[in-house]
Amino acid sequence: MGTWHTRGLRGSGLEDLINHTNDRYREKGLALIQKVPTPITPIEIDKTSRHITLAYFDQKSTVDYIGAIQGIPVCFDAKECRTDTFPLHNIHPHQIAFMKEFEIQGGVSFIILSYTAKNEIYYLPFDHVAEFWKRMEDGGRKSFTYEEIDKSYQIHSHRDMYVHYLEPLQRDLDRKQNS
């Protein structure tokens, strides 16, 4: 269970916690991970404040984060779930396709999933997500449950790294190397 609730980013969303962790990783020379901006086209701009007041999304974005960790290309998406069941419609087909192609190119893809009611965060290896996705495409359930995920991939906080995902990433790499 993460300990960030007793620290400075209390009440922050998952992406804020990941952004903070990524900043620490960069400062320590462990990783260089960037948040992928969602491309938008402004429709209305307030002339006095110069703020965008209305816009639409240009194109489908790929994943939330992309970068390199110790020479390993990584991409991942951050998701939050309030219940024990995660609906797969929260992951888009173009994201699955991108993550699959990323892995074919030698990168590592994964999802960081926060079960907000349980105050638990998990690293979901792409091949696990792909199994749930295939089950759905084959006519099976359109979601996966908390019970179905591998609890050994739970993400814990470590000092000022609130979503310290390097440990489960290493576990994923070791598993892939040994298979």
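Mentor: The expected span of a helix is 1.5 Å times one less than its number of residues. Helices (H or I, at least four residues) and strands (E, at least two) are DSSP runs, numbered from the N terminus. The model is a predicted one, in which local features need pLDDT of at least 70 and side-chain atom pairs count only at pLDDT 80 or more, while totals for chains, interfaces and linings use all residues. Residues are numbered from 1 along each chain as its sequence is written, and side-chain values use heavy atoms, with hydrogens and water left out.

The helix to examine is H4, residues 166-178. Its 13 residues should span 18 Å at 1.5 Å a residue, and this agrees with the 18 Å between its end C-alpha atoms. Leu166, Pro168, Leu169 and Asp172 are the buried residues of H4, where buried means under 20% relative accessible area, exposed over 50% and partly exposed in between (1.4 Å probe, protein chains only). Viewed down the axis of H4, these buried residues fall within an arc of 165°, so they line one face of the helix; the arc is that of the directions from the helix axis to the C-beta atoms. Glu167, Gln177 and Asn178, on the other side of H4, are exposed. An α-helix has 3.6 residues a turn, so residues three or four places apart point the same way.

Helix H1 covers residues 14-27. In H1 the buried residues include Leu14, Leu17, Ile18 and Tyr25. Ile112 touches Leu14 and Ile18, and its other partners include Phe76, Ile121, Val163 and Tyr165, not counting residues up to four places away in sequence. Contact here means heavy atoms within 4.5 Å.

Strand E8 (residues 120-125) also belongs to this setting, and six of its six residues are buried. Glu120, Tyr122 and Leu124 are buried on one side, and Ile121, Tyr123 and Pro125 on the other. Strand E7 (residues 108-115) runs antiparallel to E8 and is joined to it by six bridges; two strands pair if DSSP finds at least two bridges between them. Leu113 has Tyr122 of E8 as its bridge partner. Four residues lie between E7 and E8 in their hairpin, and Asn119 in the turn has a positive phi of about 60°. E8 is also joined by two bridges to the antiparallel strand E10 (residues 154-158), where Ile155 stands opposite Ile121.

As for confidence, the mean pLDDT of the protein is 88, and 88% of its residues reach 70 or more; pLDDT is the predictor's confidence in each residue, from 0 to 100. Over residues 1-11 the pLDDT is below 50. Where pLDDT is low, the predicted coordinates should not be read in detail.
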